[in-house]
Structure formats: structure tokens, C-alpha cells
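Hi,

Here is the structure I promised to pass on. Have a look at it first, then read my notes below.

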Amino acid sequence: MTGTAMDWASVSDAEVVRACRAGDDAAWRELVERFSRYVLAIARAHRLGEPDAEDVFQETFVRIYEHLGRLRSDDAVRPWIGQLTRRLCIDRLRAAVREPVADDPEEQGELDRRLTAVDEAVSVQEALRTLSADCREILDRFFCRDQSYHTIGELLDLPPGTIASRISRCLAKLREAYEGRSEPRPASGET
Amino acid sequence: MSENPMDEVRLSELLGELPPVPEAWLRAAQDRPAIARAADQVLELAETDAEFRRTLIADLESALRAAGHEPDPRLVDTVRRRLPSG
């Protein structure tokens, strides 16, 4: 699981975790890349400002690095990271002497809805990882990075009409991949 | 298989829920193993060299420089957290 030419797209989360634990720096870079958006999305769901979100983001990965050895089930890395990030967000909110989110049922309900959407989005990202590199890139540019047909067309040297039809085709493939995926394992990897 | 079919509009909305992370944040998190290794090296030296240990406690940043490490705030923080007191 070492080497610079490693194609991580087909490597499971559990395998990435095992490689990280074995001291593979490339695996660690992949783990950060793979879960970075998830961690940031959780911080944003808690309505943290940018500096707090960055602190939580970095602290989450410090804790992951330091405690990865204690993870009981490598397959449960995603829920473990989610739980860790949420805990750090709540600590940050409390430290800022804001009203604890859990005390306001309406706000808590809204937070739960946002976090559910984030978890659903991660499942979509996992399905996205099974598509071709071309599809991954075009969908990421258009929907995640909010780039226009024009910008994507220039970057990929394609006419806008081709971009539109490629997005549509890739989205259909993503839907198939999402619906055909196996359900994620429940959280059981708490340290 | 998933129980509920997902329409493509919802799929595209969910893709937008996970925007990219600023490159600098990503790089900083990815550097963590190098920081941890540098901290290991510094703390190992502090265990075997009493003079270095005293400097480390008195002036952490200078001690890091003396040991050949740039006092990157992440390294300073990691060493400080792991430095046994007393």
C-alpha cells in the first residue's frame, strides 16, 4: 500500500486506516483528502465561523492521527470521525460561551437535519468515488466547486454543450452507483 | 441496495453539501506525520540530554532551533502537549 502511483479510489476506508496505522504517509494524505470535506461540512453545519472551523478541522485530524490505533473497527472510521468532529464543534461553541445548541429543541432539530444531509452527502461522495476519473472531475467541478460550464470548458478544453451532456451522463451514472451501493455499517468504532 | 431511489436533483444538491477544503488547511493536516516525527525526535533528545531538556522547558522555540527544527507552531504545540512536566 505504498508508492506514489497508488490509485486510492478503489481502496476501502478500512484499508486506508490500516495503511495509516502501518506508518504509510501516502495513506495518511489519502485519509485527510477523503474525510476533509466531511469534517468541514460538520463544522459548517454547526455554524462555526471560518477561524473556528479551521481550528476544529486541524484539531480533528490531530486527534485522528493520535488515536487511530484505538479505533476498534477499521470499517467504522467514518462514524468515528463524525462523532469526534461533532464533539470538537460542541466544545468550541461552549468555549465561545454561546448558548449550548442542545438546549434549544428547534435549533437542535435544525442541526440534526443539517448533519443528516452531510452524512447523506458523504454516501453520495462514496458512490462518486466508484465512477471514472473524468466523471468525478466534472461533477466535482460543477456541483462542489460551483464552476460554470464556461470555466470547466476552458479547463478541460471542451465546448459547453459537451460539458452539459457529460454532466447529465455522469449524474445518471452516479445515481446508479448510489442506488447500487451497499448500506454503510453502523457506528461501532468508538475509542 | 438502497431502499429509496434518489432523484438526480437531490443528488446534485447533496454533492454541493461537501464543498472543497482550502488547500492550505488540507496540506497542514496532511503534514501531521512529519510534525509527529519531529516531535518524537525532540522528545527523545530531551530524555537523553538533560541540558537540552532544561532549554526545552525554558525556551521551547530556541531549543527546537538548536535541534535543527523550525519552530512551526504545530510542532511547538505538539511538543508542549507531550512534554512531561517536572
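The contact between the two chains takes 34 residues from chain A and 23 from chain B, where two residues are in contact if their C-beta atoms, placed from the backbone, lie within 7 Å. On the chain B side, the elements giving two or more residues are α1 (8-16), α2 (23-30) and α3 (32-48) of chain B. The largest share of that side, 6 residues, is from α1(B). By class, the chain B side that touches chain A has 16 nonpolar, 4 polar and 3 charged residues. (Nonpolar covers Ala, Val, Leu, Ile, Met, Phe, Trp, Tyr, Cys and Pro; charged covers Asp, Glu, Lys and Arg; the others, Gly among them, are polar.)

Before you go further: this is a predicted model, in which local features need pLDDT of at least 70 and side-chain atom pairs count only at pLDDT 80 or more, while totals for chains, interfaces and linings use all residues. Residues are numbered from 1 along each chain as its sequence is written, and chains are lettered from A and ligands numbered from 1 in the order in which they are written.

One helix pair bridges the chains. The axes of α2(A), residues 25-45, and α2(B) come within 9 Å and cross at roughly 140°. That makes α2(A) oblique to α2(B); angles under 35 degrees count as roughly parallel, over 145 as roughly antiparallel, 65 to 115 as roughly perpendicular and the rest as oblique. Axes here are lines fitted to C-alpha atoms, for helices over the stretch in contact, with angles running from 0 to 180 degrees between N-to-C directions. The crossing of α2(A) and α2(B) is right-handed, that is, the near helix is turned clockwise from the far one by less than a right angle. From α2(A) come A:Trp28, A:Arg29, A:Val32, A:Glu33 and A:Ser36, and from α2(B) come B:Leu26, B:Ala29 and B:Gln30. These contact residues divide into 4 nonpolar, 2 polar and 2 charged.

α2(A) also has a partner in its own chain. The axes of α2(A) and α4(A), residues 77-95, come within 9 Å and cross at roughly 35°, again in a right-handed crossing. Here A:Phe35, A:Tyr38, A:Val39, A:Ile42 and A:Ala43 of α2(A) meet A:Ile81, A:Gly82, A:Thr85, A:Arg86 and A:Cys89 of α4(A). By class, that contact has 7 nonpolar, 2 polar and 1 charged residues.

Now for chain A as a whole. Chain A has 8 helices and 0 strands; these are DSSP runs numbered from the N terminus, helices being H or I of at least four residues and strands E of at least two. Of its 191 residues, 32% are buried (20 or more other C-beta atoms within 10 Å of the residue's own; exposed means 12 or fewer, and partly exposed is in between). Chain A is divided into domain 1 (11-129) and domain 2 (132-180), with bounds from an automatic or database domain assignment. The centres of the two domains, taken over C-alpha atoms, are 26 Å apart.

Finally, two loop residues. Most residues other than glycine have a negative phi. A:Arg47, in the loop between α2 and α3 (50-67) of chain A, has a positive phi near 60°. It counts as partly exposed because it has 16 C-beta neighbours inside 10 Å. A:Asp146 also has a positive phi, about 60°, and sits in the loop between α6 (133-144) and α7 (149-156) of chain A. With 11 C-beta neighbours inside 10 Å, A:Asp146 counts as exposed.

Cheers
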